[in-house]
Amino acid sequence: QVQLVESGGGLVEAGGSLRLSCTASGSSSINGGMAWYRQAPGNERTLVASVSITSTTNYADSVKGRFTISRDNAKNTMYLQMNNLKPEDTAVYYCKASQYHWATGWKDYWGQGTQVTVSS
């Protein structure tokens, strides 16, 4: 079983920066991809950025050039550096990790979410 804990959210003014972290525990190193999603009130949860086990990255168009996703496999931790934040980035941010186990195949795990609020 994998537990994911996000941290680093908060309130920031437009143009500011935040760094989110997602640390996995309860298992050996995450052996699949990891990703950040976000969900604003009344909206669906959408992909923000993803990073593969080999650190190949992918970004939503709305955050390209402003956000940077990375992972430290030795620390079982994923990061999201968010720069030049905009009010429309306000949402609850969730991390997701995919883990393969020989008995169960691939499973996705989610964190509890961290609130990011950007004031104008």
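So, which residues does Tyr 93 touch, if we skip those up to four places away in sequence? Keep in mind that this is a predicted model. The list goes: Glu 6, Leu 20, Trp 36, Tyr 37, Arg 38, Val 48, Phe 67, Leu 80, Met 82, Gly 113, Thr 114 and Val 116.

Okay, let's zoom out to the core. The largest nonpolar core has 30 residues, and Tyr 93 is among the four that touch the most other members, along with Trp 36, Leu 80 and Met 82. As for who contributes, at least two core residues come from each of these strands: β3 (18-25), β4 (34-39), β5 (46-51), β7 (67-72), β8 (77-82), β9 (91-101) and β11 (114-119). As general background, nonpolar side chains in soluble globular proteins tend to be buried together.

Now, Arg 38, which was on that Tyr 93 list. Arg 38 sits in strand β4. Buried or exposed? Arg 38 counts as buried, because its relative accessible area is 12%, under the 20% cut-off. What does its side chain pair with? The side chain of Asp 89, through a polar contact of 2.9 Å.

Last stop, the surface. Tyr 100, Trp 102 and Trp 106 make up a nonpolar patch there, and together they have about 470 Å² of accessible area. Tyr 100 belongs to strand β9, and at 42% relative accessibility that residue is classed as partly exposed. That's my tour, thanks, everyone.

Definitions and conventions: Residues numbered from 1 in each chain as written. Predicted model: local features only at pLDDT ≥ 70, side-chain atom pairs only at ≥ 80, totals over all residues. Heavy atoms only, no water. Core = buried A, V, L, I, M, F, W, Y, C linked by side-chain atoms within 4.5 Å. Buried < 20%, exposed > 50% of the residue type's maximum accessible area, 1.4 Å probe, protein only. Helix = DSSP H or I, 4+ residues; strand = E, 2+ residues; numbered from the N terminus. Contact = heavy atoms within 4.5 Å. Patch = residues over 30% accessible without salt bridge, like charges linked within 9 Å, V, L, I, M, F, W, Y side chains within 5 Å. Areas by Shrake-Rupley, 256 points an atom, 1.4 Å probe, with all protein chains shown as cover. Salt bridge = Lys/Arg side-chain N within 4 Å of Asp/Glu carboxyl O. Polar contact = N/O pair within 3.5 Å; in protein donor to acceptor, adjacent residues only side chain to side chain.
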